[in-house]
Amino acid sequence: MEIVPAFARWIHFAAGITWIGLLYYFNLVQVPALKDAAADGTAAGITKHVAPRALLWFRWSAVVTWLAGAALLGPNFGAAFTLQPEFAGIGVGAWLGTIMLLNVWGLIWPNQKKVLGIKPATDEEKAKARRIALLASRTNMMLSLPLLFFMAGGLSHRAVFGL
Amino acid sequence: MKNPLDSIVGTIVSGLILTALLYLFLRNFIVAGV
């Protein structure tokens, strides 16, 4: 076992579980919880103490996941991203992960800063930011399904799916 | 038409459809020539 790919894979999995786990937490738990909490006036506890911490781990674990994934691809990085047949499966996964990383830093985090009051915004701007952040987060949840299919399949994909 | 990403079920169904489309794309246009 080569040491660099072994560590890169380990870090990629640990950071990826943190990232996608928090993504599922946001979509399956926090968004519906905030809706109920807003109704009984307890949303501040989540937006002040939970959401900023979750977003901190979320956005930085996304970066670590991508970097460890790039290290794991190593000399095959170009072959994966240009979808060379031997690396087509993992290449699609790598593209999806890259799009998701850009979504985190380009759409989710900048808009969540307005929603949570980290960056000043009017009520109208907050409402717009909330909608953009939700759709970007849901887009990432949607993309995570093919991402996991193409990344987590490994050798079984060759046997079962011919990839 | 309602945005499927507005619901969790719609999001998951969209993800499954996208997985199938990407699989068919890879199978027929990328890997097929090898």
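In the predicted model, Val9(B) is exposed, with 8 other C-beta atoms within 10 Å. This valine lies in helix H1 of chain B. Its C-alpha atom is 24 Å from that of Phe25(B), a residue 16 places away in sequence. Met100(A), by contrast, is placed in helix H4 of chain A and counts as buried, because 24 C-beta neighbours lie inside 10 Å and the threshold for burial is 20 or more.

Apart from neighbours within four places in sequence, Met100(A) is in contact with Asn140(A), Leu143(A) and Leu147(A). The C-alpha atoms of Met100(A) and Ala44(A) are 28 Å apart, with a sequence separation of 56 residues.

Chain B has one helix and zero strands. Its C-alpha atoms occupy a box of roughly 40 × 15 × 5 Å along the principal axes, and 12% of its 34 residues count as buried. The contact between the chains takes 16 residues from chain B and 19 residues from chain A. On the side of chain B that touches chain A, ten residues are nonpolar, five are polar and one is charged.

Of its 163 residues, 32% count as buried. When contacts in chain A between residues at least 6 apart in sequence are considered, 70% join residues at least 24 apart.

The axes of H4(A) and H5(A) come within 8 Å and cross at roughly 160°. H4(A) is therefore roughly antiparallel to H5(A), the angle being over 145 degrees. The crossing of these two helices is left-handed. Residues of the contact of H4(A) with H5(A) comprise 17 nonpolar, nine polar and four charged.

For H2(A) and H4(A), the axes approach within 10 Å and the crossing angle is roughly 155°. This pair is therefore also roughly antiparallel, and the crossing of H2(A) and H4(A) is left-handed. From H2(A), the contact involves Leu55(A), Phe58(A), Arg59(A), Ala62(A), Trp66(A), Gly69(A) and Leu73(A). H4(A) contributes Ala94(A), Gly97(A), Thr98(A), Leu101(A), Val104(A), Trp105(A), Trp109(A) and Gln112(A). By class, the contact of H2(A) with H4(A) has ten nonpolar, four polar and one charged residues.

The axes of H1(A) and H5(A) come within 10 Å and cross at roughly 125°. H1(A) and H5(A) are therefore oblique to each other, and H1(A) passes H5(A) in a left-handed crossing. On the H1(A) side, the residues that meet H5(A) are Ile20(A), Leu23(A), Tyr24(A), Phe26(A), Asn27(A) and Val31(A). Their counterparts in H5(A) are Leu134(A), Ser137(A), Arg138(A), Asn140(A), Met141(A) and Ser144(A). Seven nonpolar, four polar and one charged residues make up the contact of H1(A) with H5(A). Asn140(A), one of the H5(A) residues in this contact, is also among the contacts of Met100(A).

The largest nonpolar core contains 35 residues, of which Trp19(A), Leu23(A), Phe58(A) and Val92(A) touch the most other members. Two or more core residues come from each of helices H1 (3-39), H2 (43-73), H4 (88-115) and H5 (123-152) of chain A, and from helix H1 (8-30) of chain B. In soluble globular proteins, nonpolar side chains tend to be buried together. Phe58(A) touches Trp19(A), Leu22(A), Leu23(A) and Val104(A), with residues up to four places away in sequence not counted. Of these partners, Val104(A) belongs to the H4(A) side of the contact with H2(A), in which Phe58(A) itself takes part. Leu23(A), another partner of Phe58(A), is one of the H1(A) residues that meet H5(A).

How values were computed
Residues numbered from 1 in each chain as written. Chains lettered and ligands numbered in written order. Predicted model: local features only at pLDDT ≥ 70, side-chain atom pairs only at ≥ 80, totals over all residues. Core = buried A, V, L, I, M, F, W, Y, C linked by C-beta atoms within 7 Å. Helix = DSSP H or I, 4+ residues; strand = E, 2+ residues; numbered from the N terminus. Contact = placed C-beta atoms within 7 Å. Nonpolar A, V, L, I, M, F, W, Y, C, P; charged D, E, K, R; others polar. Axes fitted to C-alpha atoms, helices over the stretch in contact; angles between N-to-C directions. Parallel < 35°, antiparallel > 145°, perpendicular 65-115°, else oblique. Left-handed = near helix turned anticlockwise from the far one by under 90°.
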